[in-house]
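Here's a quick tour of the aromatic rings in this one. Take a look at the structure, then read on.

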Amino acid sequence: MDLLINIDIVLDVCAERHPHAEASAAALQHCRKQGGRLWLYAGSVQGLETGLFQELARQKAEDPDVSRDQLLEQSRKMLQSFAAEINWLAALAAEGDVFSAPDPAGEQLIRALDRFPAESARLLTRDRRLLKTYPQQTISPDEFCRLPAADPSIPFVDLGAQQEAIRPELEANIHTVLHHGRFIMGPEVGQLEQRLEAFTRTRHCITCSSGTDALLMALMACGIGPGDAVFTSPFTFFATAEVIALLGATPVFVDIDPITFNLDPDKLESAVQGVLKSDASLYPLPQNQNSSRPQQLRAKAVIPVDLFGLPSDYDRINTIAGQHALWVIEDAAQSLGATYHGRQAGSLGHIGCTSFFPAKPLGGYGDGGAVFTDDQSLARDLQSIRVHGTGSDKYDNARIGINGRMDTLQAAVLLAKLDIFPQEIKRRQEAAERYSKLLKAGLQTPCVPPGLSSVWAQYALLARSGEHRQKLQQALQARNIPSAIYYPKPLHVQSAFASLGYQPGDMPVSEDCAERIFSVPMHPYLREEEQNTVLECLREGML
Ligand SMILES: *Cc1c(COP(=O)(O)O)cnc(C)c1O
């Protein structure tokens, strides 16, 4: 519930107007208690200031010792402390066109409510005329206090709480872009790239339109195409392998480690040997369409996926890749902000790719991604690929590329989010520790190997079996707690990859995890009480 507070209510509370102060304050308290949000309209500052000054002057009319300046000072201080716990709703241009309405000021407030989802916000007021003219959009303090308390629900990812934390910066950044109007490759894009280079300690960051395009651009920069084998995990989001196939290359799946859920380096070595010798007895390989022989492929690259926010085993993967001259493209879509022996995720291979999809640890308000590398020549190629393969100028095309730019508006949003990202990572890690400490018995909790840190894109648990998982999820559902399954079907058995000829049983660890894994709510704003509720449900489901 969102409540926009009309001036009369502010005056009730600040100036303790009798007999309304109590009911007005109770309404604000009722809203807060239910986790609702209180708002002041930015366009009402002047009305608040003069309104409160006049009210105080009226109350003190009999007191000759109080000067006008003192009253002014007093009213400002009151407003300052009142507003400290309240959100400001910015005034937008569309709300100003109100002079044909019988009550322009009231009409303006009602229009401001349109920015909230339909009927989720009300104007809190005692003004009879407003209550009568806009019965759907307004509510009085007494009536509001009579509303039954809503059932609190725990969000899986809480983007609303984060938005509250950075609203002023977000709105300022977005408005700056609206005013300068450089929507494509505006100054915010370069600023974001510099900040991300510093964050990951890489030489070059090339932002782009999504995590999927980041991976696609990375493969293109490495010259991957038909006949090339690209090794990757089957236990990941579809995009990781999709881009390999999109370029006509062949995904070669390598099963995961059952503890970290990341690509198993021992199996990578076997799979590379299998491809080099075209010998499927060494490791399950993609088959030719009309024979049971493996395809003849050149081993070219590996895409380790830092699943759920935990970096893969790069010391071993990079060693194996070095021996066979493979490119290492890190899929850091879920792991930006994690560390591997002091190094940042995104910087752990030849090229790192990340995603700013809203639900990722550093998520924007739409699609976005970035590619990282220390290699200057790769960086130049990536910049060219991002914009249709541009050469020396806009109408010189040196290669085939894509339209892969990040929108300036998205960069402006991410700049505001990046400010609090280190703090958010810390809070995610604290939440994960609380889960793990309390969950020791009964379920396999996530393991972070020594020297590594996770950003906890997901907090994933393994149930004893598929039925056990179903029971646990039902126990959570009964208390209104969301859970999710990442990922229910490994990629080697997806229909889209049927032509590779993989069989169920080829990647036993991934297949087993897909049957038993599930994720519980995880975000930086998760409260300890909420985690306790999750744990209670899991305990019930474990009986
Ligand atoms: C989200 C994700 C992607 C794709 O990122 P988009 O920005 O959604 O295109 C790729 N790989 C992994 C592991 C992901 O989680």
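**Aromatic rings at a glance**

At 0% relative accessibility, F235 counts as buried (that is, under 20% relative accessible area, with exposed over 50% and partly exposed in between, using a 1.4 Å probe and protein chains only). This is a predicted model, where local features need pLDDT of at least 70, side-chain atom pairs count only at pLDDT 80 or more, and totals for chains, interfaces and linings use all residues. Residues are numbered from 1 along each chain as its sequence is written, and side-chain values use heavy atoms, leaving out hydrogens and water.

**Ring pairs**

- The structure holds 12 aromatic pairs (rings of Phe, Tyr and Trp, its six-membered ring, with centres within 6.5 Å; planes under 30 degrees apart are stacked, over 60 edge-to-face, the rest tilted).
- One of them is F235 with Y487, edge-to-face at 6.1 Å centre to centre and 90° between the planes.
- F235 sits in the loop between β7 (228–232) and α11 (239–246), and Y487 in the loop between α16 (466–478) and α17 (508–516), so this pair ties together parts 252 residues apart in sequence (helices are DSSP runs of H or I, at least four residues, and strands are runs of E, at least two, numbered from the N terminus).
- Y487 counts as buried too, at 12% relative accessibility.
- F253 and Y502 make a tilted pair, 5.5 Å centre to centre with 55° between the planes.
- That pair links distant parts of the chain, with F253 in strand β8 (residues 250–253) and Y502 in the loop between α16 and α17, 249 residues apart.
- Both F253 and Y502 are buried.

**Cluster**

- Ring pairs join F235, F261, F308, Y486 and Y487 into a cluster.
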